[in-house]
Structure formats: C-alpha cells, structure tokens
Amino acid sequence: MPAPTVKVLWLQGGGCGGCTQSLLCHEPRPLFAELAGAGIEFVWHPALAAESDHDALALLAACADGSQPFDVLCVEGAMLRGPGGSGRFQRLGGSGEALHSWVSRLAVRARWVLAVGSCTAWGGFSANTPGNPLEACGLQYEVDTPGGLLGADFRSAAGLPVINLAGCPVHPGWVVDTLEKLALEGLTVEELDELGRPLLYAEQLVHHGCPRNEYYEFKASAQKPADLGCLMENLGCKGTQTHADCSLRPWNGQGSCLRGGYACIACTEPGFEAPGHAFQQTPKLAGIPTGLPVDMPKAWFVALAALSKSATPKRVRENAVGDHLRVRPAIKKGQK
Amino acid sequence: MSRRIVLGPFNRVEGDLELSLDLDADGRSVTAARVNSPLFRGFEQILVGRQPLDALAIVPRICGICSVAQSAAAAQALAQLAGVTPPPNGQLAQRLVQATENLADHLTHFYLFFMPDFAHPAYAGRPWHAAVAGRFRAGSGSAVGEVLPARARFFHLTGFLAGRWPHTLALQPGGSTKAMSSAERIRLLAILREFRAFLEQTLFGDALEAVLALPDADALQAWAAGRAGDLPLFLRAAADLGLERVGQAYERYLSFGAYDLLPAGIRQPGANGAFTVDRLETEKISEDIRHSWLTGPDTLPPAQGETLVDADKADAYTWCKAPRYADQPAETGALARQLLAGQPLLGDLVARHGASVTARVVARLLELALIVPQMEDWLRAIVPGEAFCLPVELPDSGEACGQVEAARGSLGHWLSVRRGHLERYQIIAPTTWNFSPRDRHDQPGPLEHALVGLPAGPDAPPTVQHVVRSFDPCMVCTVH
C-alpha cells in the first residue's frame, strides 16, 4: 500500500548549511530513494531543487498564500532579526524580504515545523556572540528560553510546538526517522522531550554506549589530545550530560566525536556555543569537575571516583594516557 | 536605456546569493554585474575574546561544506603560534581528512549543484539533452542515486579518522586526535578502492591514471567521444554549447598550495599573451570594503582587518569584502591550483580560451583523479603505533596565520592573541575572492567580470547559471 505523500519545504537561515550536507550522508539507502519510499518528497530545497530565481519565489509565495499545499516546514540556520529588527542580516535573495519574515508566514501554513540543527532550535553561535548584535534566535527559543521567532505559544496546524532536531550538525538519521515518523504515524507531544526534541534520539545520553566506557568506570582519564582514556575529567567531555544517541548511532559509518578522540561539547543542548569555559577543558572546583553527570549526586560521584581510581587495573591506567593500546587484556589461565 | 534585473534566490549554491545584472539596450546581454552575498553571520566577532583553542570548535561552523578546511586553517595558525609541527602520522591523517572533504565537495558540486542546469528545457532540442536530463535532473536524475551512496561511503574515511563530518575537532595544532590502528588502515584502503571504482566506472569511464595522462584539449575531446561516463557526457554537452569559451575572469590565479604536492603561487598575465608565475607574498593581500555594508578604512591587510557593520552605507551592495592581491582581483580554486602546478591539459585549455566553465569543471574532476592515488600512498605511509598528536602550549600573546586550500580555493585565517585570548580573527575564504564586489578602484570581482557579455533576460539560456556555478559558490563562507 503506497504511503500518503508528505510534502517538505526547506529553508536555510543563518547557518552553515552543514545540516543539509550531513543529511546527504544518509545511509544505507540514498536520501531521495529512502524518503520517497516513505512517501516523502521535497516541494523545494535551496541546495537541491531545480527551481531558481522567479520560479523559486513564485513557488514560495504560493506556499505562503496557501495555494501550494505542503506539510512540513524544515528550517536550517538561525533567525537573524537584526540590525535594529530590520532583518537585513539575511534577506531571501531576489525577494527583498527578510528571511525570517518568510519563515513566519510559512510556519502558520505547516502541519509540522522542524528546526533542523541547533542554530534553528536555539539560535546558534550567532545568538551567543556577546550582546547578540545579530539579534539571532531560534524558531521557538532564545538560547534556553522559550520565545524565539514564533513565540512560546506557537503550535503548528497539527497542534505541536516546533520539533527541535538539535545538533551541530544534525545526524541524518534524526531527520529521516522524524520525517518518516510524521509521514507514517504522526507524532504526539508525549514523544518530545521538555525542549521539543524527539525522544527517538534525545532520550539517550551521548554517554550511553560510549566506547571509552571502561576508562570512565575507573576514572582513567586522558590527559592530552589523542589519549585513549575518558575525556570527562580533563578534556571537557559532556557526554554524561548531553541528550543524543551519538554513541549508539554511528556517524559516517563508523564514527562519533568520542571515537574520533575528542570531547562531546554538548552540541544538542541550548547554549553549548558559550559554555563559560574553554571547550576542550573541564572546569573544576577543588579538583572535582563542576559539570557532573546528570542524575548523579555530587557526594556519590566524589566517593565513587575515589574508589574506582584506587581500583583501576594497570592495563586501563596505562592505556588511558597513550594513543594506542600498550597493555592488552590478559588471557585468563586455567579457565574452564 | 539599460535596465537592471535581479536574480535570486540563486539556489543550488552553498548559502545565499543574489545577482544584480545591468542589461544592454535590447535587454539581451549583461553589461555589468553586481554580486550580493545577502547573509551576514559575524563569525569574526564570535571569535574575539575566546580562548585560542576555542577557534577549533567555532570555525568549522562557518561552513558545512568546507568545515574541515576551516579547522585545518585554524589548526595551522595555532600550530604556528605555538611553534609546533605535528608528527608525520598527524600530518598524514590531517591531509587525508582534508582531502576527503575536498574531493567529496567536488563530487557534490558536479552532480548535485552544477549538472542539473543542463536539464533545463531551454536545451530540449539538443542531441545530448535527453541523456543528460535523465541522468542529472535535480532530485530525480539517475545519477543522484549512485553518487549519494558513493559520497556517503567515501565519508567513512572521516568517520574513522575524524569521528564525523561535518564539524570535527580531530584536527589539532599538534596533529590528529585519532590514532589509527593497523586494522583500521586495512579498512580505509578498502574504502579508497571502493571510491576509486566509483570514479573509474561512473564518473570517468576510464582508469584515473589514463584520465590524468590526457595531454591537451584535443585529446580530451577525442577521449570523451562515444565514451560512457558522466564527465564524457558533460564534455559533449559543453562542447556543443561552446562553454570552453565562456566565463573568463582576470586570468590571475592564486593558490596557497596543498598537500605538499600543489605549489603556492600567483600566475598572472605577462607581456605578449604570456604569463608569469611568482612566489606568493602573503603581505600583498588586503581586503577592501568600499562596496560592502561595513565601515572603517577602505582597505586593510587581514592582519589588521576590521569587521564593523554599516547596513545603511551608500553604494554598498553586499556583506562580502573584496580581497585583492597587490590591489588586483584574483581567481582561486581547483583550476588555479593545478595551473600553478603546471598541469598540461588545463594549461592548454586556458592557453586557448582562458579560464572557462569547461576548464573549471575539468580542473575539479581532474583533482579527483590526481588526489585519490595520493591518498592511497599517504595511508600506506602511516606507521601504526607512532605518535599522531603532540601536546601544545600556546604563548600568552602573538600573531599567526593559517593558509590552506579548501575545495574552492585559498582559505586564510589571520589571528592575534593578547593575554591568552583572541584579540582579532580575520578570515578570507575562497568565495570571498571569487565573489568579491567592486573595490575602491571600482574593479569588479572575478565573477562580476566573468558575467559581462553573457546572454541574459527572460528567453536566454542558463549561461549565467553555468558561469556562476563554475566558480562553485560557497556563500556561507563570506562570513564577515
């Protein structure tokens, strides 16, 4: 039975285009075949559609006045409202009109509105420049405060707030799974977390499935870039506080930030762009990291860390501070 | 009486682009062009006041398509500041990650951004049109379903070597954070073999080495005739449309040099139609803001550059600055890189007609044939077990510059540090060169110059589009 057609309109705001580039890495099926199989098609996408210039403007105008129906509005990139509320930091080429005002007009026509990437969800680096001279915001958030371009009370025609596919960039699977969920079953507000992120990727922590798990257990910590040890204690890793399934759902076939040897900088969380400390350093108070794992009382963390450090096997302790295995796991003798 | 038309949104580019074209009295050809980058993101301000290593997390977010190149420029500048050189493994790993992005970018550009214009109904009567449209029509052409998996599989190299793409933190001033095991090296060689097979079977229809050996334009046309493959298909359409004679800019080419393989330099017109190749003197680079929505002195070297907004400035028409070399506009990109390296086929194409749509496209695809075998060598040169990354200590104050080649051309980061924090950070990206506006001498930028004389207006074929896309615009990089 062919699935009903779901039409997606995509716009790019003040971002780097990286979420589209990431999306094109979808596997195993090529993106367009995958989406077509679920009955999803693009009405227009700035990087991929044929229509340019007048044809594109006519199509967007038809979407805005309701004569060209569409279901999902995907927006990628921050909403740049400056300078002085004029929107001149980003005008939609050829239209003379601020990009954010196109987004506002189109959002009220959509059954669902998706903020693709952390720029669109929370405002991105632009919103975290001191003083926010760009007057940047997300679709429904100003960094971590509800509001943004569309306002805290905005609900799309399907009755949902903006669906925040936060991440910098977004994982292709987060977009494709969400679009297919909308097309095949719809989505309820109970399937979003408190920040509007689909639970299908945001009910995990980056810590879950981390390949450095054994080092974490023993607080056997990396001291410098390329070390194999846990990145939490010294190198700024926020995997224990960051909502995403990056360690369970590989990136580019094989990878993740942690597998690549560098810290999770919490790119799915609002405000990650301005953490108040160097990205690759762990802020500490009296030697204890200030950003403890979510759900973990500080006293217990301190007690467990002290205990596990005292129990660290030599293998784990030594391997943690080099870039390749120096001590292999022992082979148990006399095992039945 | 001339009239002006505005083209936009100019899609299938990375980011936002608007063209303003003055047409002749008949309204049929371009007499002057102005290129507007209608998006300002203020990245240089975002960096000021941060700790220097934070640049590694921030600058990849300038651009989702040359994110690694931005990382590499920052890492190189920070390495210079610290006075460190990454160990051989680290250099090889960085180079592999950079090359993966650059080559994937050439592929994305050719298949998804550039070729769909040839499916345009204006070409419906041409003998090649049905084949080209069936293969490259946006979103539904048969090539899309082949190139996307090939591209995604090729990016597995980045999954292995840099965690993910885009926006990795693996490239550091001391090297790369991901040490490779010998098992991983075997897997990576297999990925390269798979990518080579795609290029040879689908893009070229021939061995990479055979493509690289083509000596001149005649040999290229003879090679393409009757051959199955996407480059031969393009060449047949391009020859029919005369695209080897369309899109010339200033014939001044600039490259910062790449992979210790393609040299840095500036190639300029000399006397009697000859050209000179000179050593690149970075101190001759400046940025001009006369026609940008920015305020301050008209021209400054990037090491002293400023980015101060004036959205109401008279005579300004873009957020992009105008980089100049010795006060002259220059073109940068794959064609510039390989001309400076003395590539014979491209040298012949340019000697006959100057830079053109055909020459720029061929240059990008030849780079795939040139660099994939190099990547195989770099991988074999890695020694598992030896260091990939050195620890780095940054001085409290200092100035540095990182210069790399992104897919689209020369990318420079100029930074200064005072009291442990970034005091200034100025970026000149390839698109800033190629899509620059006029300067204080009213010299148009390379694309603005290349568009003059082209057919335009309601019934014109999409020649303007071909020329614009031949420069492979990445407008998000014009970040000022």
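## Helices α4 and α6 of chain B

In this predicted model, helix α4 (residues 88–114) of chain B packs against helix α6 (residues 144–154) of chain B at an angle of about 170°. Their axes lie 10 Å apart. Axes are lines fitted to C-alpha atoms, for helices over the stretch in contact, and angles run from 0 to 180 degrees between N-to-C directions. Helices (H or I, at least four residues) and strands (E, at least two) are DSSP runs, numbered from the N terminus. α4(B) and α6(B) are therefore roughly antiparallel to each other. Angles under 35 degrees count as roughly parallel, over 145 as roughly antiparallel, 65 to 115 as roughly perpendicular and the rest as oblique.

On α4(B), the contact (heavy atoms within 4.5 Å) uses Thr100(B), Leu103(B), Ala104(B), Leu107(B), Thr108(B), Tyr111(B) and Leu112(B). α6(B) supplies Val144(B), Val147(B), Leu148(B), Arg151(B) and Phe154(B). By class, the contact has nine nonpolar, two polar and one charged residues. Ala, Val, Leu, Ile, Met, Phe, Trp, Tyr, Cys and Pro count as nonpolar, Asp, Glu, Lys and Arg as charged, and the others, Gly among them, as polar.

## Interface of chains B and A

Chain B and chain A bury about 5,700 Å² between them, 57% of it on carbon and sulfur atoms. Buried area is the accessible area (1.4 Å probe) that two parts lose on being put together, summed over both.

One salt bridge is found across the interface. Asp312(B) and Arg88(A) form a salt bridge through their side chains, at 2.7 Å from N to O. The rule asks for a side-chain nitrogen of Lys or Arg within 4 Å of a carboxyl oxygen of Asp or Glu.

On the side of chain B that touches chain A, α6(B) gives the largest share, seven residues. By class, that side has 41 nonpolar, 19 polar and 15 charged residues.

## Helices α10 and α13 of chain B

Helix α10 (residues 217–224) of chain B meets helix α13 (residues 344–353) of chain B at about 110°, with axes 8 Å apart. That makes α10(B) roughly perpendicular to α13(B). Ala217(B), Asp218(B) and Leu220(B) of α10(B) touch Leu345(B), Asp348(B), Leu349(B) and Arg352(B) of α13(B). This contact has four nonpolar, no polar and three charged residues.

## Conventions

Residues are numbered from 1 along each chain as its sequence is written, and chains are lettered from A in the order in which they are written. Local features need pLDDT of at least 70, side-chain atom pairs count only at pLDDT 80 or more, and totals for chains, interfaces and linings use all residues, while side-chain values use heavy atoms, without hydrogens and water.
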